[in-house]
There are 2 protein chains.
Amino acid sequence: MRAEDDGLMTKYIYTFGDGRAEGNATMAALLGGKGANLAEMSSLGLPVPPGFTITTEACNSYFTNGRNLPEGLDAQLDGAMAWLEKVTGRKFGSDDKTLLVSVRSGARSSMPGMMDTVLNLGLNDDTVLALARESGDERFALDSYRRFIQMYGDVVMGIDHDLFEEILHEAKEEAGHEQDTDLTAAEWRKVIEKYKALIADEMEESFPQDPRDQLAGAVKAVFSSWMNQRAIVYRTLNNIPAEWGTAVNIQIMVFGNMGTESATGVAFSRNPSNGKRMLYGEFLVNAQGEDVVAGIRTPHDITEEARIAAGSDKPSLEKLMPESYEELLDIARRLENHYKEMQDMEFTVQQGKFWILQTRTGKRTARAALRIAVDMAESGMLSIAEAVDRIDPASLDQLLHPTIAPDAPRNVLVTGLPASPGAATGEIVFHPDEAEALAQQGKDCILVRVETSPEDIHGMHAAKGILTQRGGMTSHAAVVARGMGKPCVAGAGSVRIDYAKELFTILGKTWKKGDIITLDGANGQVLAGAVDMVQPELSGAFATIMQWADELRRMKVRTNAETPADARAARSFGAEGIGLCRTEHMFFEGERISAVREMILANTEEDRRVALDKLLPIQRQDFVELFEIMAGLPVTIRLLDPPLHEFLPNTEEEILLVAKSMNTDPERFRARLNALHESNPMLGHRGCRLAISFPEITEMQARAIFEAAVEAGKSTGSKVVPEIMVPLVSLVEELRYVKARIDAVAEQVQAETGEKIDYEVGSMVELPRAAVRAGAIAECAEFFSFGTNDLTQTTFGMSRDDASSYISDYIAKGIVKRDPFVSLDLEGVGDLVSIAAKRGRAARKDITLGICGEHGGDPASIHFCESQGLDYVSCSPFRVPIARLAAAQAAIRQGTART
Amino acid sequence: MRAEDDGLMTKYIYTFGDGRAEGNATMAALLGGKGANLAEMSSLGLPVPPGFTITTEACNSYFTNGRNLPEGLDAQLDGAMAWLEKVTGRKFGSDDKTLLVSVRSGARSSMPGMMDTVLNLGLNDDTVLALARESGDERFALDSYRRFIQMYGDVVMGIDHDLFEEILHEAKEEAGHEQDTDLTAAEWRKVIEKYKALIADEMEESFPQDPRDQLAGAVKAVFSSWMNQRAIVYRTLNNIPAEWGTAVNIQIMVFGNMGTESATGVAFSRNPSNGKRMLYGEFLVNAQGEDVVAGIRTPHDITEEARIAAGSDKPSLEKLMPESYEELLDIARRLENHYKEMQDMEFTVQQGKFWILQTRTGKRTARAALRIAVDMAESGMLSIAEAVDRIDPASLDQLLHPTIAPDAPRNVLVTGLPASPGAATGEIVFHPDEAEALAQQGKDCILVRVETSPEDIHGMHAAKGILTQRGGMTSHAAVVARGMGKPCVAGAGSVRIDYAKELFTILGKTWKKGDIITLDGANGQVLAGAVDMVQPELSGAFATIMQWADELRRMKVRTNAETPADARAARSFGAEGIGLCRTEHMFFEGERISAVREMILANTEEDRRVALDKLLPIQRQDFVELFEIMAGLPVTIRLLDPPLHEFLPNTEEEILLVAKSMNTDPERFRARLNALHESNPMLGHRGCRLAISFPEITEMQARAIFEAAVEAGKSTGSKVVPEIMVPLVSLVEELRYVKARIDAVAEQVQAETGEKIDYEVGSMVELPRAAVRAGAIAECAEFFSFGTNDLTQTTFGMSRDDASSYISDYIAKGIVKRDPFVSLDLEGVGDLVSIAAKRGRAARKDITLGICGEHGGDPASIHFCESQGLDYVSCSPFRVPIARLAAAQAAIRQGTART
């Protein structure tokens, strides 16, 4: 309830720690994911550094108030700090047992590295002495102080991070040190003075010494970072609404860098690459968390097993700090059992005391996700439906894409860390912007960086793979690439990158921008040139999840295919028939295109029939093959759809070439092209309109289908019941006219072969008129197939070929959230699909309804199809597994699952 | 009830005559128009030759039975003939008081001359002697017999009419006669023998002597003629369904050619050219009806008044046969009072006895129709609503089109009969097919024929005007041209046409195919070359009907106009505001196109604004003028709609020219054209999509509108409330984005001018998505305007520019009845309009709804708009009166009229 409503103050702050908490895990909307989890962990009695969360509501008030903290927050902050002083027995700003805090962002959904953090807050010229005294390590205290000034200067005061780094660099050079850790207390003191001078120089004000001012500044800065450029880009890419806002978490500082009994690390409860149940992670002794993530020092493994596998000589946590290791192991198990999800945890050991700083659902590869889901289901932690529901269907894509062929020759340039699986080939590019530009030109590229940062996200998104010189398995590059399902090789230390010259060298050999390399994310290899790839094996956990999904889903999944290769691939991916065989694709191959062109050049029906007679046996053979591959499964064949001019040569050069090869006058092509020219071919003389102008084309196709059905029925022993689909119908009279021709041919072929032919005739529903007239059309159509590509074009009045020029404006300006050609527009196009389904069923109760647009492979669109009770979705072969899984999830969530 | 149902025979025959009848005027569907009227007239006690009607149902059975007469008809025919013998005291086939009959077609709706007729049936070698005896005129009896053989041979037996004419021609030459009437009985006997020999020669069978066989053959022939080519064409042109069938009327023969006391003629109860209440028509003494219609002999006038006006020296019916004239006058009055419609009657005087053969609603010019309706309403015969409802709105078109300027110099080549009013200029063409070809090329032509026949209909349809050498005011050419609203000059006897050489001569001067002439249908003049035309005066009956229509109609009528000239014309036609001002049309004129092109070539928003600043004052002045012309009336202005490439030069030649004139590099145009190229511009970067990519264009237009509103408000003294319309909206977010810019500009202009600006922002509904999302869009739109042109294109997925290549196949194959771009597709596009209206109103109760596609001027579409309760229709200026009338009729018929 709001303050305005009842006179009570809005509660902006929720405390946690000391085995209790005001919030819990269900409150992520208000407390952010991190805050809700900290509260939950605290309630579970886990050793969470005590603290409190400022709500996302406060963040939203901050922005609606012109970037001012909401009224009342100040007092609540004071109260929370007092509570914190009480439970810790420390005092903020005191020169004895001084209280230091971290200030971190935490949105509803994790946005790693996108927003700002301030650590060691509370330090000033006085309290730093208290810290030195308490830790017994002046150097550490001063280092902490200078880190704080640097972070605060950057994050809160907006001073370029590099200016601080420059001072530090000079200090090291002056003193002749290599590492930060080599600096003495005295040297740190000098750095601190220079830092303070830099701030006074750059800003109107000096570095604030009052911890309370520091706190207010940091809270505002973290809120503000919700609206920074990289956070906005990340939200756009991940469909996170700006209205969510971020929470701010304030906790007491714990130090992993308080000597050799201290450490900090990150750990997953299972291996995020393959899903194996084991602690998996990295840590650094005497370090702060940022040191691990930044990838500057190469971290140690958590377990002995991992250390041995990696051939590392750095002692594992298991070995080095066995008690902390046991505590981590125990906490990981408890958290997994609690959340029923693989956990991604951050921990710190401060002088032997174990603290858990954060836990969240761990990002993982698709392969790992499958294994984890299957393992959890088999161990009883999840039901089968829960396990199936948990897999992101889109993530399967990475499993379906090629990996490097086992016997392909490998010219290995360098081996880094296998940070994200899969393989990719592309040209070298060094700048994210350039990667984006190349991708827009349709070129594959590999983004090569020293290390990546949130500013590089758009380039990582655009690249086919990522190679970094520095950073570990949990570095920014590795985490983000795994999330994107892109191959990544990280920490390939012997790669020397020169951004200015746009090249890198490996052991003296140079690779320039534009050179082709291949990444093998599975083993960390970087290979020269393009390398042969192979299809992945779809077994193990993948097969188990797919089998479960198949048992659960109601809708069938068919494929869009016309070549034998595609049809076979689709069957291997589990397709249950062909939902769309586009016969025009068959017309382009080999010699047949000449016969097609003869047909188009013909001036009379008689001449057209001569050309069509040449096509008949070829087309029949096409169908025989498809029917044989799909033996026993339904095959929907769409009659010729595109306008005829698409089959003619286009440029003068092509015309001359083709005319010569066909031994005809080029003028015939020019004249025909001229006659067939259309202002808007998308809305032109195509689909059933061709069948009505030239019924002889339909007759040839129908004959080929029926003769092939008879032949394949005999060869496979199972009767073929072809489904003939008439494209671009808007009037039932069109369908009736075409169906009459099909029926007549069926009778002829029955008479000729003496075989009874069963078949169905149906209609594409891809025009708005077909949708609203579905009742009338269903009287003549035995099935509908929603062609949502064209339906989207006509419903929006938007040519897919031309939309790219403005659709990016639309997304940038928030006018559409997602490209309607990728994910079905439920409100508009979806409404027409609903209307058509309703009216079609009213006219013909048992009408078969399917979808064959590219939306048939899009999970969100598949959920819609389930809600409409469609009988099947049809998609490209590689999306069949995605569709199988998405259909199962839709059924699970809508309560229509079969088991 | 059908025979199969209850054991009773279907009644196929309805008798009439002798002051009674089995049918009546309401039974036109079953008895045809002529049959129903004969029955009605007979019941009224009028002197109708007795007879009977075979129903249209029998005709339909005939066709469904493979062209066999239905079972039972034979017996009914016998019964009807027996009845006819009884009431006439005559006997069919008898050689004493022999009964002769006519056999005529008669469909539900009149199809003049399209089907076949057989006269004098019952004559044979024996009965001809009886006729000779009874008439006391052997020559007449033989002439009748040879006419019958000729007609029967042509119509029933299918022998070429010309072969008979050849025999007749030879006979006249041999005998040295000029006229048919000069032939003696002996000579006719020879002709008859030759006719019979011709038949025996051409056919397997000889001419049937048994009258009962003759009758059966004639009935079948008349039924068959329902399916002849010219009847099919006529039905297609006039939207008459084939399922209607034709009835057959069999009546006793009455002879207008039984000597000088006999005559035959046609008469209208009012003047069909100007509507004046008077008997108007023609007759021939001693002739059969076909002689009048065929235009071979020049007929006499009915009244003295008409004879004097025409300067004819042939005595009028009034003078020559005063008793018959009085009887005709009396019958005309009675029929008019009975039917409350102007009558078109055929009559025959046989040896002093007056017979009325047929009556039907008379075709008339639009001008006449208006005067008749007004006169009938003023005399109390009709109510005002009935009078308004009676006028065909489309017919007003002919009143709105130019006539020859009074002071234009006239080079009169020849003067014929003023057969159909209006004026037209075009190139001379002699063949109907060629007229059609020229029209398809967009060329105006005048069809010049010796006389026209039903086979020429398609050419008359294609031509702008018709000129004939022969025929009177009721000749085929005259009747059909008046029906079509096309100017016609008939019977221009001094024109000598040579079809073979494709020329005509007038007094030795030659005019060739392709030469330009002008027809003045108002006075029958044929003028050399093109002549200045003027707008008609819209006063008198026209103004009265319009005023009545305005009082009755509920919907407002606005116009689509952007030029001051069009806006003024529309106001003079009664437009009540502008429903669509297409601002892009303003961009093409004069110097402004250069600024538009500069704007398009600009690479930055800044450069675009520089160019837009040049356009602002011009655009503002455009709006000031429109607001001033429309002072006090609403003006809806549509923001820029077409894709930008439409404003650029297209060919290389144009590019060079324009680049030179703009003093810029042609490469800039080529590059921009290339960048702006679209595969489907209709579905491209246009409408509000432009406004979103380039909001500065919207801002300029909004500023021009608001500044003009302030200025015109001051100059006219009545506040201007502009309605700003956003085109091509499919998402409410689009409208919201554009509206925000408009609102911001409104605030600026208010601040700058200190004037409060009232305005409305609304949306075109021209995409299917806008229709289904109308609820959401209405939350942001104060009005909707249905753009049914684009809505038809997208709903059908049919490009208007490309559809002509197949739409003719569609009409020919019966797949669509009418071009959906001409008359709104109610089932599909109309359904979307309904959905949008319903959803829009649900979201915003008082939303204003209008239509601004070309359907806004189509009467059938206007009826639909009334049924949907739209607030207004908007159409091109010349269609405003049509829309006013159609809106009134829609209100009358739907019970929503205001008075």
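Leaving aside residues up to four places away in sequence, which residues does Gln701(B) touch? In this predicted model, the contacts of Gln701(B) are Thr583(B), Phe587(B), Gln619(B), Phe623(B), Leu639(B) and Leu640(B).

Gln701(B) sits in helix H29 of chain B. Its relative accessibility is 1%, so Gln701(B) counts as buried.

## Helix H30 and what covers it

Let's turn to helix H30 of chain B. This helix takes in residues 732-753, 22 residues in total. From its first C-alpha to its last, H30(B) reaches 31 Å, close to the 32 Å expected at 1.5 Å a residue. Just after H30(B) comes Gly754(B), which takes a positive phi of about 70°.

The buried residues in H30(B) are Val732(B), Glu734(B), Leu735(B), Tyr737(B), Val738(B), Lys739(B), Ile742(B), Val745(B), Ala746(B) and Val749(B). Their cover includes elements of chain B: helices H28 (688-693), H29 (695-716) and H32 (774-778), along with strands S30 (723-726) and S31 (760-765). Chain A takes part as well, through its helix H34 (804-812).

Elsewhere in chain B, Ile232(B) has its place in helix H10, residues 229-238. Ile232(B) counts as partly exposed because its relative accessibility is 30%.

Conventions
Residues numbered from 1 in each chain as written. Chains lettered and ligands numbered in written order. Predicted model: local features only at pLDDT ≥ 70, side-chain atom pairs only at ≥ 80, totals over all residues. Heavy atoms only, no water. Helix = DSSP H or I, 4+ residues; strand = E, 2+ residues; numbered from the N terminus. Expected span 1.5 Å × (residues − 1). Buried < 20%, exposed > 50% of the residue type's maximum accessible area, 1.4 Å probe, protein only. Contact = heavy atoms within 4.5 Å.
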